[in-house]
Amino acid sequence: MDYRALDSITVTDIKALGIASEVADELHGILTDIIRSYGNGSPETWCHISKRVLSPDLPFSFHQMMYYGCYKHYGSDPPAWMPELESAVFTNVGQLLERRGKEFLGSNYRDPITSFSSFQEFSVSNPEVYWKAVLDDMHITFSKPPKCILQMNDSPDCQSPCPGGQWLPGAVFNPAKDCLSLNENRSLDDAAVIWRDEGCDNMPVKRLTLRELRTEAWLVAHALNSLGFEKGTAIAIDMPMNVTSVVIYLAIVLAGHVVVSIADSFAAREISTRVNISKAKAIFTQDLIIRGDKSIHLYSRVVDAQSPLAIVIPTRSTGLSMKLRDGDISWHAFLERVKDLKGVEFAAVEQSAESFTNILFSSGTTGEPKAIPWTLVTPLKAAADAWCHMDIHKGDVVAWPTNLGWMMGPWLVYASLLNKASLALYDGSPLGSGFVKFVQDAKVTMLGVVPSIVRSWKSTNCTSGYDWSSIRCFSSTGEASTVDECLWLMGRAGYKPVIEICGGTEIGGGFVAGSLLQAQALSAFSTPGMGCSLFILGNDGFPLPQNMPGIGELALGPFLFGASSTLLNADHYDVYFKGMPRWNGMVLRRHGDVFERSPRGYYRAHGRADDTMNLGGIKVSSVEIERICNSVDESILETAAIGKNLNPLFKVHRVVPYPSLPRTATNKVMRRILRQQLAAQHRSKL
């Protein structure tokens, strides 16, 4: 749609969007004053429009009219949100830079906003200084401190075969212990978890204090000890992400065991695959998952998967809904074993930094899923991402609809609790008004999303009438978002920024993100992750010059704090490093996504490299085509572009309506499946 410049918009244009005459007159008057003061299309103009003109109750079409009208002649990457120095100095990074900016950057340091990009570069070139400063600020404790932050591969003491070196060598600690620890920024009465169950939407939110969370996690850890497992035993969790599963997760880590993450949506075969790869000796699960009027049998899937010893939690207060398999234990009987130890502190089992703490899995859509171990360093990476990019700290309430079966579940636990924030959980579907009301009632300050959830909210307008003014920022991951989805989401909370983040299970967090110290463009990343270096590979397979605009497959510098260095069922070097180019003597790490760097320095994701199409020698991503198709008609919810026997004119060959697109359990569109389905349809007609 071709939008008009702001000074061409009339009261009649505003009324045509369904806005009452008197309101349209008032809005146009404010708009005229803003244009007079700040111009017709500057970032300052938009900043004042977003604060003084727009509100969630106005039609989204009016929001679009203002945004696109303001930036009609701006060019690429117009800022949808801009930081203000008065608030930037109070962010985690801002406070660190105000204290030590001149120490880090010398006379080049100006202020947290002006100097942020230089600080990101400093984090890459000075990992010893940067990571020590961040870990100290987060109050991470070690029973035995590391010899150094990073031991390079050429060091005779380095024990890692991975080109990424060895992080925190010699350190001994337990990240779950710090999730539950006290310090000057935290009291036992602080709310550690805030939650609500679906169907209880008109009841007050429930709260678990730090004192209560410690007591419950200690008791479960004692109960695990009573089962006689050796240190480092793999123990699975196949449950929704609720208060009980978070307690179990922390207890397994406290006791020095390894969590095996299994999504509660998996069928028996997928559960069995993950249990067998990880060699799990026990599994925590629920008898049922209740969603509305539906009861989903979860324990029966665990039994069908021939899982090992199961500890089964009843979903209803009346008790278990079925008889247990011989040898399995009810949750009540499990805790009853150690009832005399309730309230007794559990002495956390502290281990070396390279010890495993969690085994997670890739989605496995192309074969057996990769089993990716997180070491004890990875939780610190997760928390550091939140500390820096989302500015999570004491007093925040952090919500992100996810599951412990995927990396964002454990990420959320550590991002919240290691930063002394409250973890907000809604045990139910995030797609309806129940979750939306929970965000309001829990006073969530950082709301994480995946774009498909935003798409659903936008299409059903289920956020209407709810107050999200407590939100300081959003964050989005999982798939590429669209400009209009981000614009709509920002508008629900008074135009708070959307911090895009992209990473991977094997990274333990993000490698590219946004920042509250930089202007944020819609559906774009403003910076490499802290401590991360990014390389866009040209057609020759080698990196384009740094900071040069371009598009191509993304590669990462090998020195990534907390990233994987081994796989349980594949050769780590072959998967991530074999065949990759070298840069300044170091082999780059494969990621597999196509990324674009714009002339203004923003990054955009264009999907997986195997989802690109070569059109006359020009690489075009599926995502790029889909963004255009999605904007053709408002009745189109989403599209998937696939390439097959491209004709020389590169025209759209066929449009196939689908009620919904096939997705992985992490909401990624499976274009490979669509290609197979289309090929099968073609063969059937021959």
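## Close-up views of a predicted model

**View 1. Lys 339 and Glu 336 form a salt bridge, with their closest N and O atoms 3.1 Å apart.** A salt bridge here is a side-chain nitrogen of Lys or Arg within 4 Å of a carboxyl oxygen of Asp or Glu, and by this rule the count comes to 20. Lys 339 is exposed, at 52% relative accessible area, while Glu 336 is partly exposed, at 35%. (Buried means under 20% relative accessible area, exposed over 50%, and partly exposed in between, with a 1.4 Å probe and protein chains only.) A word on the source: this is a predicted model, in which local features need pLDDT of at least 70 and side-chain atom pairs count only at pLDDT 80 or more, while totals for chains, interfaces and linings use all residues. Residues are numbered from 1 along each chain as its sequence is written, and side-chain values use heavy atoms, leaving out hydrogens and water.

**View 2. Lys 381 forms a salt bridge with Asp 385.** Their closest N and O atoms are 2.9 Å apart, and both residues are buried. The two sit four residues apart in helix 15 (residues 378-389), so about one helical turn separates them. Helices (H or I, at least four residues) and strands (E, at least two) are DSSP runs, numbered from the N terminus.

**View 3. Arg 472 reaches Asp 396 through a salt bridge, with 2.9 Å between the closest N and O atoms.** Arg 472 lies in the loop between helix 18 (451-460) and strand 20 (473-476), and Asp 396 in the loop between helix 15 and strand 17 (397-399), so the pair ties together parts that are 76 residues apart in sequence. Asp 396 is buried, at 2% relative accessible area, whereas Arg 472 is partly exposed, at 28%.

**View 4. Nine strands make an open sheet with mixed pairing, in the order 6-5-18-17-19-20-21-22-24.** Two strands pair if DSSP finds at least two bridges between them. Strand 6 (206-209) and strand 24 (527-528) stand at the edges with a single partner strand each, so one side of each has no neighbour in the sheet. Strand 19 (residues 446-449) runs parallel to strand 20, joined by four bridges, and Gly 448 stands opposite Ser 475 in strand 20.

**View 5. Helix 12 (residues 268-278) has buried residues, including Ala 268, Ile 271 and Val 275.** Among the elements covering its buried residues are strand 7 (234-238), strand 8 (258-261) and helix 13 (299-304), where contact means heavy atoms within 4.5 Å.
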